[in-house]
Amino acid sequence: RWDQPAMWDRAIDAGADWLQTDLPEELLAHALWRRVPKRPVGLALHRGANRYAPENTLPAFAKAVRLGADYVEFDVRTTRDGAYFLLHDSRLNRTTDGTGPIDQITADSARKLSAGVKFGQAFAQTPLPTMDEFLGEFAGKIGFYFDAKVIPPAALAAALEHYKVVDRTVVYQSPQYLAQLKAINPQIRGLAPLGKPEAFAELAAKFKPYGVDADWDILSQDLIARNHAAGVKVFSDSMGDHERVEDYLQAIDWGIDVISTDHPLRVLRAIELWANRQAMKSADAPLRK
């Protein structure tokens, strides 16, 4: 019971030099958010905290909440009988003990699957969550980065309205899909893919998204500034070649709004370095006057 935020705060406030913990990632995040209450960038955890628990499962999202993430990214697909489950791939094989496409099985069959046994034996009994189970559990606790893999716009809008999370959700899909969503509920915040800088002007003029999910390779200070001038937020996934502290720090300097990552501690380190640099600039300011 001692290994929790209240006890960490007591030790930190008392001036402890070292803390022993079974939850170093949560302690590091907690200590950072104490020091940097005004965040320079939003943090989205890709399919939840998927390095600590199976992707797209309730334990992965619970860990993301404890790490202080701003958003959890998740994927929704539909079974043969029209039920909505959290799953990235169209097939069950990679992350569950099932096989074949999810749209070829019923909801009852999906509920019997383990979504965690391939991650580790400790998660063998972790089920594939339904969209309602997920939204019901985490509404009001964290922002939602909804990757609408296979779900009709009307069903998605109804779910966000039912759980009262319209203002805490961004929805990623094609511009055409997002236009349908906006026609149903103009308050739903669409996040459109952006693969080429030159495509932004038409995208912004025609669809007016809340934000773009820009390919990391096209990020630049100019691109982010053009988005912001048009009132558009910039999100980006750093998966692949850009999962480095240096890349995150560069994007923060450019003004990116949200970084989606599989490696939260690397983004936290970038935020820490950024905050330290800002503090040094502030300390030097009187000397320059």
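Predicted model: local features only at pLDDT ≥ 70, side-chain atom pairs only at ≥ 80, totals over all residues.

Biologist: What makes it a cavity and not a pocket?

Modeller: A 1.4 Å probe fits there but cannot get out, so the space counts as a cavity, whereas a pocket is open. The volume of the largest cavity is about 40 Å³.

Biologist: Which residues line the largest cavity?

Modeller: The lining is made up of Glu 55, Asn 56, Leu 86, Leu 87, His 88, Thr 95, Ala 115 and Leu 128. By class, that lining has four nonpolar, three polar and one charged.

Biologist: Now the helices. Why are H6 and H7 called oblique to each other?

Modeller: Their axes cross at roughly 50 degrees. Roughly parallel needs an angle under 35 degrees and roughly perpendicular takes 65 to 115, so H6 and H7 come out as oblique. The crossing is right-handed.

Biologist: What makes the contact between them?

Modeller: H6 brings Pro 153, Ala 154, Leu 156 and Ala 157, while H7 brings Tyr 177, Gln 180, Leu 181 and Ile 184. Seven of these residues are nonpolar, one is polar and none is charged.

How values were computed: Residues numbered from 1 in each chain as written. Heavy atoms only, no water. Axes fitted to C-alpha atoms, helices over the stretch in contact; angles between N-to-C directions. Helix = DSSP H or I, 4+ residues; strand = E, 2+ residues; numbered from the N terminus. Parallel < 35°, antiparallel > 145°, perpendicular 65-115°, else oblique. Left-handed = near helix turned anticlockwise from the far one by under 90°. Contact = heavy atoms within 4.5 Å. Nonpolar A, V, L, I, M, F, W, Y, C, P; charged D, E, K, R; others polar. 1 Å grid on protein atoms, 1.4 Å probe; cavity = no way out; pocket = protein on both sides within 12 Å on 5 of 7 lines; lining within 4 Å. Points joined across faces, edges and corners; volume = space filled by probe spheres on them.
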